[in-house]
Amino acid sequence: MATIESLIPESTPEATQPGKVQYWFACFFAIGWTAVVGASLFHEFGAREFPCPLCVVQRMFMLLAALGAAYIIRTALLRGSVTGRHYMTGWGLALIALMGGSFASWRQTALHILPGAKGYGGEVFGLHLYVWALILFQVSVVVVGIALATAHTTAEHGVPATEPGLLRTAGLFALWLLGAVIVVSMAAVFLEEGFHWFLPDAPKRYRFFSDIGILG
């Protein structure tokens, strides 16, 4: 079965500005969604505001969207260019994740849309976090659609990310940051869920510590 490594060309295509633009956008996209999840983790640990099951699902889709861009970044780091097939795979994965995240955030918004409903969790600039998630998901759907529509103009254009330099540094930073946030997110969910199959609708503590007898 063919892998990215087996598809590395013998000679790297000449670097062009369009190829760099798509690469930079992939880095920005991956770092952006990783930062959103990182901010939600910071809010969880700092404000002691535990995410509900729908919040966790939205984080999962955010990270999955970032992984779509990460696939494109890794391809460029290994090949020095990105084919149309790789663009379609990466942005297609991101688009599926964005649609799933849009549904999850819409669902949570709809649960608290009636007049007088307090909503779940705190607010940022007058909107709950899941409403901001819905907005970001929808904006990203449009942006990724544009990236897919223009991918044929940048496919096979050289991206000088195989050699040391700013492009490679940015790509590696995006991948390592994403990996670190995924690990922290998995640990946070495990601590919150403990040895149980399901999260409560409104978590109040990290049940793992209760399960092992550290906290009552």
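This is a predicted model: local features need pLDDT of at least 70, side-chain atom pairs count only at pLDDT 80 or more; totals for chains, interfaces and linings use all residues.
## Aromatic pairs

A search of the whole structure finds six aromatic pairs. One of them joins Phe29 and Trp91 in an edge-to-face arrangement, with 5.4 Å from centre to centre and 85° between the planes. Phe29 belongs to helix α1 (residues 17-47) and Trp91 to helix α3 (residues 84-111), so this pair links distant parts of the chain, 62 residues apart. Both partners, Phe29 and Trp91, are buried.

A further pair consists of Trp33 and Phe137, whose rings are stacked at 5.1 Å centre to centre, with 25° between the planes. The angle counts as stacked because it is under 30 degrees. Trp33 lies in helix α1 and Phe137 in helix α4 (residues 129-154), so the pair ties together parts that are 104 residues apart in sequence. Trp33 and Phe137 are both buried.

## Phe29 and its surroundings

Phe29 also takes part in a cluster, in which ring pairs link Phe25, Phe29 and Trp91. Leaving aside neighbours within four places in sequence, Phe29 is in contact with Ala65, Ala66, Ala69, Trp91, Ala94, Leu98, Ser140 and Val144.

## The largest nonpolar core

The largest nonpolar core holds 37 residues. Which of its members touch the most other members? They are Tyr23, Phe29, Trp33, Ile73, Trp91 and Leu98. Two or more residues of this core come from each of the elements α1, α2 (53-79), α3, α4 and α5 (166-193). Helix α2 gives the most, with 10 residues.

## Nonpolar residues at the surface

On the surface, Phe190, Phe195, Ile212 and Ile214 form a nonpolar patch. Together these four residues have about 420 Å² of accessible area. Phe195 is placed in the loop between α5 and α6 (207-211). Is Phe195 buried or exposed? Phe195 has a relative accessible area of 56%, and because exposed means over 50%, Phe195 is exposed.

Phe209, by contrast, is found in helix α6. Its relative accessibility is 25%, so Phe209 counts as partly exposed: the value falls between the limits of 20% for buried and 50% for exposed. Phe209 and Glu192 are 17 residues apart in sequence, and their C-alpha atoms are 8.7 Å apart in space.

Note on methods
Residues are numbered from 1 along each chain as its sequence is written. Side-chain values use heavy atoms; hydrogens and water are left out. Rings of Phe, Tyr and Trp (its six-membered ring) pair if their centres lie within 6.5 Å; planes under 30 degrees apart count as stacked, over 60 as edge-to-face and the rest as tilted. Helices (H or I, at least four residues) and strands (E, at least two) are DSSP runs, numbered from the N terminus. Buried means under 20% relative accessible area, exposed over 50%, partly exposed in between (1.4 Å probe, protein chains only). A nonpolar core is a set of buried Ala, Val, Leu, Ile, Met, Phe, Trp, Tyr and Cys residues joined through side-chain atoms within 4.5 Å. Contact means heavy atoms within 4.5 Å. Patches are made of residues with over 30% relative accessible area and no salt bridge: like charges are joined within 9 Å, nonpolar side chains (Val, Leu, Ile, Met, Phe, Trp, Tyr) within 5 Å. Accessible areas come from the Shrake-Rupley method with a 1.4 Å probe; for residues, only the protein chains shown count as cover. A salt bridge is a side-chain nitrogen of Lys or Arg within 4 Å of a carboxyl oxygen of Asp or Glu.
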